[in-house]
Amino acid sequence: MRHRKIVYISIFALATISLILAGIIWYGKNQELKVIFLDVGQGDAILISQGSNQILIDGGPDGQVLLEKLGRYVPFWDREIEMAIATHPDQDHIEGLLEVMKNYKIDALVEGAEQSESQLYKNYENLIAQKQIQKIEAEAGVKIKLNGAEMEILSPRAPVPTGAVKDTNAYSVVARLAFGQNSFLFTGDLPDTEEKKLAQSSVDLSAKVLKVAHHGSKYATTGEFLDAVHPSDAIISVGRNNRFGHPADEALARLKERKINIFRTDEKGDVIYECRNPDVRCQMAVN
Ligand SMILES: [Zn+2]
């Protein structure tokens, strides 16, 4: 009897292992693209996932909050984030990335050349060096290939000055993700002056979903830029009762005038786009 019991147990164990493996293989072959604007308070963090591959744009202001969010959307066995993109070195965009670097293996980090004088930034750069994370300089024209989708960096377009820069927002990484008829534009904290340069260039800014620049500050989201992007939906990543008064009434009015749907993370929580098919519009949900 004892012998039979061992056989049963080993068959059961084998079945369990093969189920887990099947789950992993199936997960790896899944082409569905998800874009999740995480509610991380006053800051930005956006998770793009396809199968077991993840791209994280910014880390928000709080590492623990971000880890909790990643725990919700990244399978427990997947301790690898294939790529992180830091739009610019402000606290509300990079602080959370430190905890991610400590808890996940980040394969590559895309960031602009601009540097900050802050202690946080020094700690962040030290950690990147210590973890030997491969760096890719963000500049217009850099393309990131996904399965059936592509992300292109649209800005910064001009060389970034060397040394610490005062207006880090101006060098925000702007990226456009296209998956068939679905498209997303990520803008970091880009100010109106830079929006204007992009809008007047020949760059294709068109996107169904716009991540509104600078948490809905009145110094961004100009009419000219909105007309060039022509989004259906606008996501504002913003903290409840934040001390900056974001989003500004002026920016909200410009969106409303154009009948653009507004989704704020302080009101909706995480805003999730599930894109199953390049020819079909992504499904939106909140969590
Ligand atoms: Zn910001």
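So, V271 sits opposite V286, which belongs to strand β15. Keep in mind that what we're looking at is a predicted model. V271 is part of strand β14, residues 271-275, and β14 pairs with β15, residues 283-286, in the antiparallel sense over four bridges.

Now, what stands opposite F37? That's V271 again, in β14. F37 is in strand β1, residues 33-37, and β1 pairs with β14 in the antiparallel sense too, over five bridges.

Quick bit of background: strands of a sheet pair through backbone hydrogen bonds, either parallel or antiparallel. And in a regular strand the side chains alternate between the two faces of the sheet.

Okay, on to another sheet. This one is open, has seven strands and mixed pairing, and the order goes β7-β8-β9-β10-β11-β12-β13. Why is one side of β7 and of β13 left without a neighbour in the sheet? Well, β7 (143-145) and β13 (261-264) stand at the edges, and each has a single partner strand, so one side of each has no neighbour in the sheet. On average, neighbouring strands of this sheet are turned by 20 degrees against each other, if you ignore direction.

Strand β12, residues 233-236, pairs with β13 in the parallel sense, over four bridges.

Definitions and conventions:
Residues numbered from 1 in each chain as written. Predicted model: local features only at pLDDT ≥ 70, side-chain atom pairs only at ≥ 80, totals over all residues. Buried ≥ 20, exposed ≤ 12 C-beta atoms within 10 Å, placed from the backbone. Helix = DSSP H or I, 4+ residues; strand = E, 2+ residues; numbered from the N terminus. Pairing = 2+ DSSP bridges. Axes fitted to C-alpha atoms, helices over the stretch in contact; angles between N-to-C directions.
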